[in-house]
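Below is a note on the model, arranged as numbered points. Cut-offs are given where a term first comes up.

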Amino acid sequence: MQSRLRVQGHPIQPMLVTFPFGLFVSATVFDLTDVLGGPAFLGEVGYWTSVAALVAAALAAVAGMIDLWDVPVDRTRRTAITFNLVNVAMAALFLLACLVRADAPQRGASVVLLLTELVALGVGAVGVWLGARLVRRFDAGRRSEATTFDALSGAADATVDLAHHRP
């Protein structure tokens with residue numbers, strides 16, 4: 001299967017998914033620090049980091065839906081749909097936390113919102129696991145990675161592409 005959205009031969013969606021997850025983790029760390037008595041501005045930083053993560057999640061979801069067109073109708077498609085739904089569920093929980101905080105004057109986190117974010121990260125961890133399964137399934141038999149130090153030096157022949165790609 002070839003992804004419709006590619007950069008230099010690599011699918012975009014797996015790259016895009018890392019941004020919202022990393023931003024959601026960062027937002028949760030800021031909120032945890034705020035709840036534990038850190039400076040009040042960290043709650044505001046956590047809020048805006050969550051907002052940035054939601055924008056990144058929307059872009060990743062669009063890329064995921066476009067790539068879903070080319071997934072064959074089998075177990076792989078079910079895994080891809082589940083992967084996208086799990087990521088949407090994680091984003092929905094963070095969206096809920098953001099909406100609760102949107103009207104607050106300082107947008108600081110509370111214990112309940114922090115617990116909501118931790119549950120969302122748990123849901124996101126399932127998404128990471130499903131995404132890793134999809135990447136392994138799509139890359140199986142396509143690439144053979146070098147096991148020598150040539151791979152670390154960035155040598156051009158460190159990775160051998162075994163699949164025939166259509167332009």
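1. A58 sits in helix α2; helices (H or I, at least four residues) and strands (E, at least two) are DSSP runs, numbered from the N terminus. A58 is partly exposed, its relative accessible area being 42%. Buried here stands for under 20% relative accessible area, exposed for over 50%, and partly exposed for what falls in between (1.4 Å probe, protein chains only).

2. On provenance: the model is predicted, local features need pLDDT of at least 70, side-chain atom pairs count only at pLDDT 80 or more, and totals for chains, interfaces and linings use all residues. Residues are numbered from 1 along each chain as its sequence is written, and side-chain values use heavy atoms, with hydrogens and water left out.

3. The protein has five helices and four strands, in the order β-β-α-α-α-α-β-α-β from the N terminus. Of its 167 residues, 31% are buried. Taking contacts (heavy atoms within 4.5 Å) with a separation of 6 or more, 68% join residues 24 or more positions apart. The accessible surface is about 10,000 Å², and carbon and sulfur atoms hold 69% of it; such areas come from the Shrake-Rupley method with a 1.4 Å probe, and for residues only the protein chains shown count as cover.

4. Which residues form the largest nonpolar core? There are 11: F24, Y47, A53, L54, A57, M90, A91, F94, C98, A120 and L121. Helices α2 (41-68), α3 (75-102) and α4 (111-139) are the elements that give two or more residues to this core. Apart from it lies another core, of nine residues, including V17, A60, F83 and L130. A nonpolar core is defined as a set of buried Ala, Val, Leu, Ile, Met, Phe, Trp, Tyr and Cys residues joined through side-chain atoms within 4.5 Å.

5. F94, a member of the largest core, is in contact with F24, T28, S50, L54, E117, A120 and L121, leaving aside neighbours within four places in sequence.

6. E117 belongs to helix α4. Is E117 buried or exposed? E117 is buried, at a relative accessible area of 2%. Residues up to four places away in sequence aside, E117 touches A27, T28, D31, S50, F94, A97 and R101.

7. Y47, in helix α2, counts as buried because its relative accessibility is 8%. With residues up to four places away in sequence not counted, Y47 touches D31, C98, R101, A102 and R107. Y47 and R107 lie 60 residues apart in sequence, and their C-alpha atoms are 6.5 Å apart in space.

8. Helix α1 (residues 13-35) packs with α3 at an angle of about 35°, the axes being 12 Å apart. Axes are lines fitted to C-alpha atoms, for helices over the stretch in contact, and angles run from 0 to 180 degrees between N-to-C directions. On the α1 side the contact is made by Q13, V17, F21, F24, T28 and D31, and on the α3 side by F83, N84, N87, M90, A91, F94 and R101. These residues divide into seven nonpolar, four polar and two charged.

9. A132, found in helix α4, is partly exposed, with 31% relative accessible area. A132 and F83 are 49 residues apart in sequence, with a C-alpha to C-alpha distance of 9.9 Å.

Key: Ala, Val, Leu, Ile, Met, Phe, Trp, Tyr, Cys and Pro count as nonpolar, Asp, Glu, Lys and Arg as charged, and the others, Gly among them, as polar.
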